[in-house]
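Here is a short report on two parts of one model. Have the sequence and the 3D view open as you read.

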Amino acid sequence: MAAEQTVYVVDDDELSRGSVCALARSMGVRAESFSSAEQFLRHYRKGQPGCLVTDVRMLGMSGLELQQRLKDLDIPLPVIVMTAYARIPMSVEAMKRGAVTFLEKPCEENQLWEAIRDALAQDAATRAEFERRDEYRRRLAALTSAEREVMDRVVKGEANKVIAKRLGVSIRTVEARRHEVFRKAQVNSVAELVRLVMSTGPVK
Amino acid sequence: MSKLAETREQLLGQIEALQARLDELSADETRREDSRGGAADMAQRRLAEAALREAEARFRPACDLNPAMMMIVDVESRTILDVNQAYQRRLGYAKQDVVGVPGKLGFAVADAAARHDVIRSIREKGRLSGYELTLVTSENEEIVVLVFAEPMDQGLHVISWVDITELKQVEACLVASEARFRALVENSHDVINMFNSDGQLLYTSPSIERVLGFSPEEMKKLHPREVMHPEDAERGHQEFRSCLDKPGAVSHFTFRLRHKDGSYRTVEVTGTNLLDEPGIHAMVSIFHDITERKQAQEDLEQSLRFEALLSRISSTLINLPASEIDDAINSGLRLIGEFMHLERAGILMLSDDRTRFSVTHEWCVPGLEPAMEKYQNFPLDSVPWARDHWLRGEAFNVPRTSELPEQAAAELEIAKSLGTQSYISIPIIVDGQVWGMVDFHTVRWEREWPIDLVQQHKLVGEFFANALARKRAESQLRDSATRLHAIFDHHFQLTGLMDCKGRLLAANKTALNFAGADESDVIGRYFWDTPWWDPQQQSTVRHAIQRAAHGEFVRFECTHIRVDGEVRDFDFSLSPVRDVDGNVIYLVPEGRDITDMKRAEEKLADMEARLAHVARLSTMGEMTAGVAHEVSQPLHAIVNLACATGNVLEAEGEPDFDDLREWNAAIAASAQRAADVVRRMRAFARRGESERSICFINEVVRESVQLVGFEARRCGASVGLELPEPSPRVDVDRVQIQQVLVNLLRNALEAMDESEIEVREVTIRVELAAERVEVSVVDTGPGLPARDELAVFEPFSTTKKDGLGLGLPISSSIVEAHGGMLWTESSAAGRAAFRFTLPALPMEATDGG
């Protein structure tokens, strides 16, 4: 996994493409440019950090289609959509799909610059969030099934003796397993445990 | 001859029989005389007397019936004792007047010497046989007889006269001229007459009755003067007289004799003086009736005179100018009418639709009321009987109007109103078409219309038909000439006529009025030396006339100065006029004032240019998004580059100048690109004056493609170019041709954008063929429905929600204004293809864009 963030520029207009790359470079960010969405998809590997700056109207796949494709592929790359022919419905659709920014060409001074900065920041944040979640999952993954069973009930708010009764074990056993859960999950309170479980996604 | 001989033989036979009877009679008498004597004699005598009475009673009828004149006479006392009935009948004397009168014997004998001769002969010889004697009848007629005498007892004699008068006359004729006599006999029409020197008719043959209606007997009672035509009597007398003086003379003459019915017959007479001829002693005339022949001859002469008249009328009609034909026809009708002793002649002409007729020409004798006024536009159907004849082109004649058939009641009424007794109607036929009729009428009497007369009148009909046809043709021709001249004079254009040398022979009023000139100012002058031309134009005009005189149609645009000083634009031409041999004999100059047209054209062109401009603006409106994109793209780049440059410059440390140089160049390029778009759009939107310039068609195509570049990208279509190298050159309004191409391209893009097709391509191909450039725009869209192929060129016909529907009509008019054409066709694959042509300029040696 390449740690360095990259601005991926997809635009069939060479001048436009070049100018976005120049802007990225001036920000000290690495930039890669593609003349079509297809070319980008062939080149990009999932997980590479950075952001995507794409034009809407292009020969072949449009910018919006590309955004959709990334979503389908569960690629969380922030997308900046630019168009010289902006229409409200189009921008709303792009937003719904999770595009960070929707910009009209030509944008105001620094607008793209800021958008790229924000996108990279978001990308970094997202990636950090993803890493934290992975850590939580790793912690939860270390639980035994018995411990897991007790955790689920704790998260649901059941008292120890209720848990013991339901599971048909002694309350001491429940307390021991509960302690082991708190230790492995590295939490100090039920509230912390609940947040951790929630952030790992749906309960399996 | 044989007949006469026979008659003669019969007569002689009768005479011999008579003689035999007389001999027998006298023998009886002798026997009776012998037995006479004594008492016995008395008894015998009584017996004898009784026998005698009986014999007499028996013979009396025989005697009376005998055609010969018989008498019993006492020669001594010259007393006639008895006569038979033939005597009384032939001589006309009554028995009691002549019987028993002493000295009466021989009183009827004309010649006293002959009388004595005969009586002496009888007394001395007792008998006489065959003595020829002339007697005078109680009616003073001389008859010739043969005398026979036989003695009876008691000194009495029987004398019989046999009438040979006719025989003698016939014999006289025979002697006079055997040949003529034969002709006379053989030709029963000939009449033989014998006159004495006083002119008294002694004999006439029975054929007289056939000729003059009188019997010979009646004829003899008439004096020649009563029979002769009064006009011929004196001449007849002279002829007779002159003939009388010359014995044996033969004369021929012709005169008219009155028929018993009062009419006159013409006879041809051969007269011969045979007064000295023995046995004839007469003036003999033979005549035959030549009335018919003479009539025929007169008819012939009449007919010849009529034909001469007709030919005179005909030649008059032929040589007359059309304007005088009517008068000539009227006088022709009069001449024919007078010649034929008619009372009315007229021409009836049918209307063009053959439903009415009018009397157009008429002549009638003074005193008759002309029919012309009454019969104008008279319905043809009101005279159905005549109509049927007329329309069939049949001549017909009505000798007696009273005998018109029942169905001709209307015609009879008309005839009565005109007083017509008989008439003839002759069709006037021209080219197989009945134009009308010539009618000839009699009023005072009825007359027959013999077939040859009808024929001649048919000729009249033909003459008149020809004349009327010629009149109509000439009047049409004159009308046509008048019309042509009117056209010439009142023609809107300036026109005239000149000879090949350029001398003006005629100029129409329009031309004269234009220059404010009179004919006298210009006719006969060289055309280039007329007020229509100013001095600078003279050599051009002279040159044009030379070319036209060589048979060329010369045409050029020029200006003429009108009399009011206004300069007018003209489309001037010179057309050579050739004779039948192909030689140029005249030149027709023609000037069409195109000032107004030119102004209108300019105005129209201006209007079209403005409309095209409006359409372009409309197109641009539709293309706003594309234009915005085109401009925003480079602006976007500039903004980004400027921002990047700013970032680098504000950053700490040494900036990367290579980057900065590169970005600066990119900014310039982007700004240039934006400027290009703006320039193109500004050019495309420029005001509508048409500006022609020579340009390379490939460039125009490329620019057009750039104008729709964004729209092509937006709908994901590629634009393919197939351009020939070097590029053909065209003299066009660049922007307008771009407009056409942009229009076709956008249509293609939109058609494809609205469809579901995968491959979106527009191909523009430029081909150079002959002297034109063909540009085709073919897309991969669904094509045009067949019924729309023409409809798409109709203004306001559009399938687009926001289109004006003016794109194709305006494109079409732009192409046509450039001398090309725009059309559409669906290619085999169902794709829409639009093509247009432009006149190509000759290729240059150097390469094009």
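## A sheet and a helix

Chain B holds an open sheet of five strands, in the order 18-17-21-20-19, with antiparallel pairing. Two of these strands stand at the edges: strand 18 (504–507) and strand 19 (554–561) of chain B. Each has a single partner strand, so one side of each is left without a neighbour in the sheet. From one strand to the next, the twist averages 25°. Keep in mind that this is a predicted model.

Strand 17 (residues 494–499) of chain B pairs with strand 18 of chain B in the antiparallel sense, over three bridges. B:Met498 has B:Leu504, in strand 18 of chain B, as its bridge partner.

A helix also packs on this sheet: helix 20 (residues 595–622) of chain B. Its direction makes about 120° with that of strand 20 of chain B. The strands that helix 20 touches are tabulated here.

| Strand of chain B touched by helix 20 | Residues |
|---|---|
| Strand 19 | 554–561 |
| Strand 20 | 567–578 |
| Strand 21 | 584–593 |

Now turn to chain A. Which residues of helix 9 (residues 190–199) of chain A are buried? They are A:Leu193, A:Leu196 and A:Val197. These residues cover an arc of only 95° around the axis, which puts them on the same side of helix 9 of chain A. An α-helix has 3.6 residues a turn, so residues three or four places apart point the same way. On the other side of helix 9 of chain A, A:Ala191, A:Arg195 and A:Met198 are exposed. The buried residues of helix 9 pack against helix 5 (111–141), helix 6 (145–155) and helix 8 (171–184) of chain A.

Notes. Residues are numbered from 1 along each chain as its sequence is written. Chains are lettered from A and ligands numbered from 1 in the order in which they are written. This is a predicted model: local features need pLDDT of at least 70, side-chain atom pairs count only at pLDDT 80 or more; totals for chains, interfaces and linings use all residues. Side-chain values use heavy atoms; hydrogens and water are left out. Buried means under 20% relative accessible area, exposed over 50%, partly exposed in between (1.4 Å probe, protein chains only). Helices (H or I, at least four residues) and strands (E, at least two) are DSSP runs, numbered from the N terminus. The arc is that of the directions from the helix axis to the C-beta atoms. Contact means heavy atoms within 4.5 Å. Two strands pair if DSSP finds at least two bridges between them. Axes are lines fitted to C-alpha atoms, for helices over the stretch in contact, and angles run from 0 to 180 degrees between N-to-C directions.
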